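Subject: Structure handover

Hello,

Here is the structure for your files. My notes on it follow below.

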Amino acid sequence: MPVEKAAPAFPSFLRDRSVVAVGGIGLNRKPMSLIRALLATGIRRLGLVSFLGSVDVELMIAAGVVDCIHTAGTSLDGMGLAPRYRQARQRGHPRVVEWSEGALAAALEAGAFRLGSFPTAMSPRSEVLAVNPHLRVMPDPFTGEETVYAQAIIPDLALVQGSAVDAAGNLYIDGDPAIDVLIARAARYTIASALAVEERDPRTAAISRLWLDQVVVDPKGSWPTACFPGPLLDQEAVSAWGREGGGDPGRLGLT
Amino acid sequence: MTRRHASPREVADVMVCALAAEIGDGDFVGVGLGTPLGLAAALLARATHAPGSALLAGGVFNADADLGAYLGGTRSLEGKALAFVSHFASMEMAERRTMTLQFLRPAQIDGAGNLNTSRIGPRAAPKVRFPGGLATADVVSLLPRVVAYHTDHRPRSLVERVDFVTGPGGRRHPAGGVSVLVTNLAVFDWGEEGVRLRSVHPWVEPRQVAEATGFRYRISEPVATTPCPDPQQLQALEQIDEAGIRVTEMPTMDLRMSSR
């Protein structure tokens with residue numbers, strides 16, 4: 001698998017209504033340059049999976065390419081609510097499917113194993129069950145205990161952001177790897193963006209090259225989100241987005 | 001003698017001490033980064049009465065760091081933490097019940113201990129929607145104890161029935177649901193007979209709590225007073241949070257409550 005310096009090439013099976021999973025957590029390590037490249041393809045009506053979302057979800061809603069958003073929570077963290085996401089939640093379009101963190105992880109785990117569903121320790125009495133059609137309560141076959149099962153999510157494409165990649169294509173993440181390893185395991189095709197090429201011990205890689213189909217190198221790939229130990233969060237860019245109600249997608253680098 | 005006024009800092013400190021009192025020496029406390037008062041309480045417990053308690057906050061284990069450094073994340077904690085744990089591994093710790101206690105900050109809570117972190121208003125047409133359910137539905141069925149707090153105690157926050165049950169209450173073994181609620185006015189706890197007013201803060205009358213609470217609760221007379229921080233706790237809080245970050249979580253409202 002070559003490590004590319006140039007823009008990513010998306011798989012030919014990717015089309016309208018495909019499901020794209022985005023890694024990172026909150027305002028950390030969002031693969032923003034990969035998202036911008038995806039938007040340039042003109043593919044629309046996407047399903048989006050963002051475990052804990054922020055400007056990734058905002059940019060994709062603003063570009064009008066999302067039909068459905070799966071998330072356990074999306075906001076601008078300390079900089080307030082995510083305006084486009086909030087608007088979607090109020091209007092019902094794009095559709096937002098609310099998950100608990102545990103249940104969304106279980107759905108991706110099921111996807112990684114190509115199972116139909118996976119049990120999760122989420123409470124079977126939560127009303128999240130009433131608003132999320134991908135969750136069912138069944139008795140555990142051994143204990144008989146009422147248990148929540150999450151329907152598998154198999155993303156067509158996973159996009160992840162790391163701090164470094166080695167020449168062999170192993171991806172290194174400094175700090176919390178969050179959902180990234182799981183979406184790379186679950187997805188049909190995974191593209192990673194790394195800040196730099198560095199030779200490191202492959203045993204310490206967060207995501208082995210075996211789970212990656214392409215890696216591009218972009219020192220500003222996470223902008224405006226943070227990517228430890230590289231770029232800090234661009235607070236001005238993110239708070240301007242929040243202040244202006246998520247107005248101009250150019251604010252988040254969309255040309 | 002009842003005082004009538006408290007500054008936001010005094011309110012925050014009484015709340016932090018009441019939250020810290022829930023932590024024992026053998027507890028393993030998990031704290032999300034969206035709950036600074038809970039984080040301050042866990043740091044206070046480790047610095048005072050529960051030095052043996054363990055703290056995992058935002059994936060960082062037992063760091064030699066103050067509140068500001070913890071909230072700064074990986075970058076500001078480099079070289080200070082005993083271990084880093086990924087978000088997913090910390091969920092597994094909850095599932096294995098290595099973790100014993102977590103702090104949550106719901107938008108609404110009711111007398112049955114149901115927590116709402118999702119939306120306010122009728123389901124078909126919610127008036128306010130929050131970022132999402134986060135881990136609330138997981139935590140209530142995973143952890144032996146959940147301690148909730150709310151900095152704006154009023155009838156629309158402490159309600160008869162929450163608009164949406166993100167995390168259900170009710171004591172169920174082995175996970176216990178919400179066991180204690182600390183607000184800017186009082187402390188409640190849940191037992192076999194439901195919810196009880198445990199204590200009112202030093203500047204609060206029991207009548208004010210009744211007026212500000214939308215759910216029914218039991219009282220055992222005379223109503224106890226929530227302890228004020230002692231000198232050792234005040235000194236520890238000064239070291240943990242010299243900048244007073246904990247006060248920023250208090251609502252910008254009239255905290256005196258004297259005229260209502």
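A charge is counted as sitting over a ring if NZ of Lys or CZ of Arg is within 6 Å of the ring centre and within 35 degrees of the ring normal. In this predicted model, the charged end of R119(B) meets that description, 4.8 Å from the centre of the ring of F164(B). In chain A, R188(A) lies over the face of F13(A), at 4.0 Å from the ring centre.

Next, the aromatic pairs. The search of the whole structure gives 6 of them over all chains. One is F13(A) with Y189(A), edge-to-face, with 6.3 Å centre to centre and 75° between the planes. F13(A) is in the loop between strand 1 and strand 2 of chain A, and Y189(A) in the loop between helix 6 and strand 13, so the pair ties together parts 176 residues apart in sequence. F13(A) counts as partly exposed at 25% relative accessibility, while Y189(A) counts as buried at 17%.

In chain B, F188(B) and Y217(B) also form an edge-to-face pair, at 5.2 Å centre to centre and 70° between the planes. F188(B) belongs to strand 13 of chain B and Y217(B) to the loop between helix 7 and strand 15, so this pair ties together parts 29 residues apart in sequence. F188(B) is buried at 0% relative accessibility, and Y217(B) is buried at 18%. Ring pairs link these two residues and F215(B) into a cluster.

Last, helix 1 of chain A (residues 32–40) has 7 of its 9 residues buried. Its buried residues pack against several elements of chain A, including helix 2 and strand 11. G42(A), which follows the helix, has a positive phi near 85°.

Regards

How values were computed. Residues are numbered from 1 along each chain as its sequence is written. Chains are lettered from A and ligands numbered from 1 in the order in which they are written. This is a predicted model: local features need pLDDT of at least 70, side-chain atom pairs count only at pLDDT 80 or more; totals for chains, interfaces and linings use all residues. Side-chain values use heavy atoms; hydrogens and water are left out. Buried means under 20% relative accessible area, exposed over 50%, partly exposed in between (1.4 Å probe, protein chains only). Helices (H or I, at least four residues) and strands (E, at least two) are DSSP runs, numbered from the N terminus. Contact means heavy atoms within 4.5 Å. Rings of Phe, Tyr and Trp (its six-membered ring) pair if their centres lie within 6.5 Å; planes under 30 degrees apart count as stacked, over 60 as edge-to-face and the rest as tilted.
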